[in-house]
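Q: Can you take me through this model? I'll ask as I go.

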Amino acid sequence: MKRITLLTMLVALFGGTALAQQTTAFKCIDRKAQTAIRKAPKAAAADELVTPPASATVETWHTTDGVLYVNTPTGPVEFRPDIQVAIDGSDIYLQGLAYWFPEGWVKGTISKTTATFASGQFVGEDEYGPEYICGSNDTETLCDIVFDYDATEATLKAVTTYILENSEADAISPYCYWVRPPSAKKGPPAHNP
């Protein structure tokens, strides 16, 4: 009986440790705990920030699963924010991937059922420095951010494992990160007369 109890406890301990390792992929930088690098942010060039064209309709899509992990002075916190989506032909724009710069947009391209966003897109800058949205599949190398896109169902499902809110455009140094977030446009059922 003691062996079974001990074995059960060991399985629970190692199982819990394995689960914790799966969900904590990155040790994120606590943005507000850093020393400010300048008194005021430098003005970004107009072509560095992405903005959807006026012809695009901006819609709120809901994060249906996955979370945004943010490091805070009290430890990691999980969020599940909605995102803004704008589609203009084959161009797609997302806003809300960044916790510290939620107004920052990234631009991608839709090709059939795939939406691809170049890694390293600038989303804003403050006294702590610039921020970029980057992708990674293995926590060691950067890659473009890819989503499965379903126009009929109005869904985006991340194929790229991690979406990083990063302090650098070309190296892994996240403040926050997503783990494969899916998003969907949800609304009331259509009204048929």
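**Aromatic pairs and the barrel**

A: At 4% relative accessibility, F147 is buried (under 20% relative accessible area; exposed is over 50%, partly exposed in between, with a 1.4 Å probe and protein chains only). This is a predicted model, in which local features need pLDDT of at least 70, side-chain atom pairs count only at pLDDT 80 or more, and totals for chains, interfaces and linings use all residues. Residues are numbered from 1 along each chain as its sequence is written, and side-chain values use heavy atoms, with hydrogens and water left out.

Q: And F117, buried or exposed?
A: F117 is buried, with 2% relative accessible area.

Q: How many aromatic pairs are there?
A: Six, counting Phe, Tyr and Trp rings (the six-membered ring for Trp) with centres within 6.5 Å; planes under 30 degrees apart are stacked, over 60 edge-to-face, the rest tilted.

Q: What kind of pair do F117 and F147 make?
A: Edge-to-face, because the planes are at 80°, with the ring centres 5.8 Å apart. F117 sits in strand β7 and F147 in strand β10, 30 residues apart; strands are DSSP runs (E, at least two residues) numbered from the N terminus.

Q: What about Y162 and Y177?
A: That pair is edge-to-face too, at 6.0 Å between centres and 75° between planes.

Q: Switching topic, which strands make up the barrel?
A: The closed barrel has eight strands, in the order β1-β4-β5-β6-β7-β10-β11-β14, with antiparallel pairing (at least two DSSP bridges between two strands).

Q: How many bridges join β10 to β11?
A: Four. D148 has K157 in β11 as its bridge partner.
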